Amino acid sequence: MSDPLEIASFVAREVGVGSATGWHGGRLTIGSATLAQAAGGPGIRSVEVRVVQPGEPVRLTGVLDAVEPAVKAADPDSTFPGALGPAGRAGAGRSHRVDGVAVLASADLSDLGDLPASVVDMDGPAAALSPWSKTKNIVLRFELDPAASWEEVDLSIRRGTLRIARDLAATTFGSEPDRVEAVTLPETNPALPAVCAIVQVASEVPGEDTFVYGEPARDVAPMLLDPREVLDGAITNGWYDTAASANPTYLYQRSALVRSLIALHGRRLRCSGVVVTLGFLNSLEEKQAAAARAAALAREAGADGAILTAHGLGNSHTDTMLTCRACESLGIRTVLILAEEGGLTDHVPEADAIVSTGNVEEFAPGWRPEDVVGPDVASPRVAAYLAAATELGHSTLRAVSA
Amino acid sequence: MKVVHYLNQFFAGFGAEEAARTEPVRIEGAVGPGRGLGLDVAVTLACGDDFFAAHEDAALARLLGWIDDERPDVLICGPAFGAGRYGYACGVLAREASRRGVPVVAGMHGENPGVIAAEGGAYIIPTPTSVTGMREVLPRMADLARRLAAGGSLGSPQEEGYLPRGLRRNVFVERSAAARAIDMVIAKLAGEPFVSEVEVAFDRVQPPPPVADLSNALLALVSEAGCVPRGNPDRLPTRRSHMWLRYPLEGVRSFSPDSYETVHGGFDRTNGLADPNRLVPLDVVRVLEEEGRIGRVHEWFYTTTGVDTPVAVAARFGQEIGAELRTSGVEAVLLTGT
């Protein structure tokens with residue numbers, strides 16, 4: 001990689017609404033009307049912009065994605081290459097990010113069928129189930145044009161959300177960051193074990209999709225990425241199903257797994273890259289082929305060990321199990337990160353090391369919010385909370401035997 | 001704190017095998033092992049092992065009636081050690097009482113059929129197979145019972161010493177899944193010990209021997225493809241189904257798209273709606289039936305939607321459908337998944 005990735009963090013101590021959007025010494029001001037205009041696109045009737053803070057008695061539902069405000073300093077237009085900006089490569093040069101803030105996309109997709117509620121509680125006993133109860137959120141509530149095609153609407157929501165995230169981060173230009181971190185992966189002690197992440201994504205149809213540089217992952221994966229590309233906006237989310245095990249864009253940008261591997265590089269391990277692979281493949285042959293390719297890429301990257309993540313449950317766990325088996329047969333030792341539905345739906349004997357991200361079947365503790373953005377849901381399960389049991393590594397929820 | 005204790009005929013002092021047909025009885029106060037619990041047992045319920053086995057519904061109705069009257073803070077069953085019929089009765093009673101909201105503590109050997117019968121409804125202290133373990137077991141059962149009766153919650157099976165109930169409870173932990181996974185992979189690579197957070201007790205069913213003579217066999221069609229009569233008259237859910245259904249096949253040669261559809265919420269239904277036989281292959285099976293290559297097609301087909309279904313619910317569907325098919329003499333099943 002030519003220049004190293006440099007992440008300049010601007011900590012948002014306050015987020016409020018004002019006449020114009022701007023950054024002033026740790027305060028992010030949201031000019032709602034301008035932002036609402038900028039978030040729109042074909043198939044979108046209107047966008048309502050709302051700021052919600054941690055501890056507010058508010059429940060958000062129908063949350064489709066969460067994006068951290070981020071922008072490329074040298075060329076803002078190149079942010080989220082392929083997905084928002086022109087095709088290009090992420091993971092090098094200076095990026096600005098606003099720490100403690102998320103842009104949340106929300107819409108009523110009930111016309112599409114039986115999608116789960118996708119809840120974020122900003123307060124109450126279940127707040128900890130969603131990572132965005134702790135961030136100051138700019139919620140974009142999209143009202144859709146019922147006459148528009150779903151593909152058009154979906155593209156507009158995704159691009160609108162990424163655009164707002166980019167533009168909010170761009171307000172920090174000219175200000176002093178709270179910290180700057182150079183993300184480097186220098187040659188290091190070859191005696192340390194080489195560990196890669198094998199990140200499973202889902203890419204089926206619009207609405208149940210994940211994008212790598214704006215391309216549906218099914219067209220490009222399994223593939224190898226530099227870990228810095230993942231942190232810098234190469235992977236974006238377009239999956240609005242199975243809320244608890246969904247992986248919003250924010251969780252790739254702030255990937256706990258990738259950041260931990262980089263942090264331990266040269267100390268306890270050698271970080272040997274990120275393999276992006278697919279879940280929910282249709283036939284056993286496709287599943288086995290993708291598993292074999294993902295394992296081969298891990299070996300190509302020199303991995304001695306691999307951490308396998310998952311996307312969703314059930315069907316996709318069969319892809320994870322086959323990938324585990326393929327890796328172990330090449331001598332790559334594996335650990336799987338999996339959510340549970342009161343149990344697992346598939347298992348291979350090689351999967352002897354599993355980290356749990358919780359049982360999505362459990363009921364969440366009850367709460368009566370004072371305000372709900374979106375339709376309210378009665379007695380939601382853990383399954384309804386956005387990323388409550390994410391298998392990307394972020395979660396601190398786990399299931400224990402009882 | 002109100003304690004009700006369940007015993008079989010032997011431990012209640014009615015006699016051994018000769019008293020195994022004793023009908024359910026209600027006795028004031030503690031009896032036999034109940035005196036060793038060190039708790040104030042309000043009522044002892046007892047039933048003969050054979051009576052319970054032969055008249056499960058009647059026995060349960062009476063025992064549960066008494067439990068409903070007493071509204072105990074905790075029910076204690078056994079210990080039943082390795083005794084299979086006694087353990088089974090303890091397990092079934094425990095399951096039913098727990099469904100009524102009564103906390104249950106039991107004692108029995110880990111391989112006693114009562115453990116499975118309890119379906120996670122009881123905290124079961126493992127015992128030896130023989131009664132010689134009584135003195136060690138009773139105080140441990142009493143300790144759990146006392147805490148449950150006080151409305152407390154118990155720690156993990158490892159901490160408390162009860163058999164895992166097959167339940168998975170959520171907790172928040174300090175470190176992220178990523179950090180724990182990295183520790184685990186480094187340990188695994190170094191050949192050091194590590195503890196998987198999911199102990200997989202996977203239900204692996206051995207395939208039965210092949211059907212000896214398909215041309216004489218009764219064959220059933222079962223599917224999770226969400227195939228139902230058009231209009232979905234019984235409201236089969238599109239996802240997270242809590243039910244399975246069966247529909248008659250008498251006089252049905254093929255699944256016409258005018259009469260059948262799929263309501264499954266987990267795949268693209270276009271092809272299935274155009275030809276429901278591609279979900280449940282009735283058309284082909286009828287041809288094989290005419291050609292004499294299979295004996296007969298079962299008069300019902302079984303259907304549900306298989307998407308987002310909790311594992312325990314799916315397992316129950318399988319057991320229930322399997323039991324019906326066996327009763328009907330079905331020897332072979334074409335199980336189409338989606």
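In chain B, strand β1 (residues 3-8) runs parallel to strand β3 (residues 41-47), and six bridges join the pair. Within this pairing, B:Val3 lies opposite B:Val41 of β3(B). The model is a predicted one.

Helix α2 (residues 56-70) of chain B packs on the sheet and touches β1, β2, β3 and β4 (74-77) of chain B. The direction of α2(B) makes about 175° with that of β3(B). Helix α3 (residues 84-99) of chain B also packs on the sheet, where its contacts are β1, β3, β4 and β5 (104-108) of chain B. The direction of α3(B) makes about 165° with that of β5(B).

The sheet itself is open and has six strands, in the order β2-β3-β1-β4-β5-β6 (chain B), with mixed pairing. Its edge strands, β2 (25-28) and β6 (123-126) of chain B, each pair on one side only. From one strand to the next the twist averages 20°.

Now to chain A and its helix α7 (residues 315-329). At 1.5 Å a residue, the 15 residues of α7(A) should span 21 Å, and the end C-alpha atoms are 22 Å apart, which agrees.

Is α7(A) enclosed or open to the outside? A residue counts as buried if 20 or more other C-beta atoms lie within 10 Å of its own. Of the 15 residues of α7(A), 11 are buried, so the helix is largely enclosed by the rest of the structure. Among the buried residues are A:His317, A:Met321, A:Leu322 and A:Cys324. The cover over the buried residues includes β14 (194-202), β19 (270-279), α6 (284-300), β20 (305-308) and β21 (333-340) of chain A. Just after α7(A), A:Gly331 takes a positive phi of about 85°.

Conventions:
Residues are numbered from 1 along each chain as its sequence is written. Chains are lettered from A and ligands numbered from 1 in the order in which they are written. This is a predicted model: local features need pLDDT of at least 70, side-chain atom pairs count only at pLDDT 80 or more; totals for chains, interfaces and linings use all residues. Helices (H or I, at least four residues) and strands (E, at least two) are DSSP runs, numbered from the N terminus. The expected span of a helix is 1.5 Å times one less than its number of residues. A residue is buried if 20 or more other C-beta atoms lie within 10 Å of its own, exposed if 12 or fewer, and partly exposed in between; C-beta atoms are placed from the backbone. Two residues are in contact if their C-beta atoms, placed from the backbone, lie within 7 Å. Two strands pair if DSSP finds at least two bridges between them. Axes are lines fitted to C-alpha atoms, for helices over the stretch in contact, and angles run from 0 to 180 degrees between N-to-C directions.
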